[in-house]
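Please look over the sequence and the structure shown here before reading on, and keep both in view as you work through the briefing.

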Amino acid sequence: TQRCGTTREIDFTVSEGTWTSVDLASDGSFIVFDLLSHIYRVPAAGGTAQSLTQSSGVATNFHPRLSPDAKSIAFISDRKGQINLWVMDADGANPRPVALDPTAGMQFPQWTADNQYIVVVKMSGFGTRSLVMYHRDGGSGVTLVKGEVGKMPYRTAMSTDGRYLYYDVNTARPTGFWGQEDVLKGTVQLHRYDMKSGAVRAITAGEAHQQDRGTSG
């Protein structure tokens, strides 16, 4: 016979967080943020934060991003088993999946200016990342930037007018077991994707020689 442990409720107050994602409503009235696997909403002027994902049980919820009209929140959740793209109303109601892929994880959602599409960083395999756009109602998605060695996209930010998608690019190439990926030597650069033309422009460049060494460095 297996004996189950007892549970107890722990109540505590926090005033700061680490690696917290924050977004401000377009009218400046409220803020959404993630903390300890839940997404919260709080007035921009301050006050008590309201949990929008408390009903999701043990699921992890993070990377909230408000739509330009501030009526919806795109976010990442593993409530179906994998960290995939979800959307809920700005008050936390009506959470629903946008893209469910058990073989790939997703991060950093960004809305298009018309409130209809969401771009995410989609991770599949070992370290392979691409920028994929989904309609808010679902679908198979469209790949905007395909990840490849030396041009691996990561964290994203949409321009305020919705014209450009900016993103980090990891330029490091495999250098063996002792490979060094040194940001201070230029392994992270900034690129810009034109949402109208699909053209990619390197905003920053310049990379020093990457070393191969067996120390922590």
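The structure is a predicted model, and its secondary structure comes to zero helices and 16 strands. In general, the strands of a sheet pair through backbone hydrogen bonds, and the pairing can be either parallel or antiparallel.

**The protein as a whole**

- The protein has 217 residues, of which 41% count as buried.
- If we take the contacts between residues at least 6 apart in sequence, 33% of them join residues that are at least 24 apart.

**The sheet E5-E6-E7-E8**

- Four strands, in the order E5-E6-E7-E8, form an open sheet in which the pairing is antiparallel.
- The edges of this sheet are strand E5, covering residues 61-66, and strand E8, covering residues 96-99, and each of these pairs on one side only.
- From one strand to the next, the twist in this sheet averages 35 degrees.
- Strand E5 is joined by four bridges to strand E6, which spans residues 72-77, and the two run antiparallel; within this pairing, asparagine 61 has serine 77 of E6 as its bridge partner.

**The sheet E13-E14-E15-E16**

- Another open sheet of four strands has the order E13-E14-E15-E16, and here too the pairing is antiparallel.
- Strand E13 (152-158) and strand E16 (200-202) stand at the edges of this sheet, and because each has a single partner strand, one side of each is left without a neighbour in the sheet.
- The twist from one strand to the next averages 30 degrees in this sheet.
- Strand E15, made of residues 188-194, pairs with E16 in the antiparallel sense over three bridges, and arginine 192 has arginine 201 in E16 as its bridge partner.

**The hairpin of E11 and E12**

- Strand E11 (residues 128-135) and strand E12 (residues 138-145) pair over four bridges in the antiparallel sense, and they form a hairpin with two residues between them.
- Across this pairing, leucine 131 stands opposite valine 145 in E12.

**Glutamine 110, a residue in a strand**

- Glutamine 110 lies in strand E9, which covers residues 104-111, and it counts as buried because its relative accessible area is 5%, where buried means under 20%.
- The side chain of glutamine 110 makes a polar contact with the side chain of arginine 65, at 3.3 Å.
- When neighbours within four places in sequence are left aside, the residues in contact with glutamine 110 include Tyr117, Ile118 and Val119, as well as Thr156, Ala157, Met158 and Leu165.

- A polar contact of 2.6 Å links the side chain of aspartate 69 to the side chain of serine 67.
- Not counting residues up to four places away in sequence, aspartate 69 touches Ser26 and Asn115.
- Although aspartate 69 and alanine 25 are 44 residues apart along the chain, their C-alpha atoms are separated by 8.0 Å.

Methods: Residues numbered from 1 in each chain as written. Predicted model: local features only at pLDDT ≥ 70, side-chain atom pairs only at ≥ 80, totals over all residues. Heavy atoms only, no water. Pairing = 2+ DSSP bridges. Axes fitted to C-alpha atoms, helices over the stretch in contact; angles between N-to-C directions. Buried < 20%, exposed > 50% of the residue type's maximum accessible area, 1.4 Å probe, protein only. Contact = heavy atoms within 4.5 Å. Polar contact = N/O pair within 3.5 Å; in protein donor to acceptor, adjacent residues only side chain to side chain.
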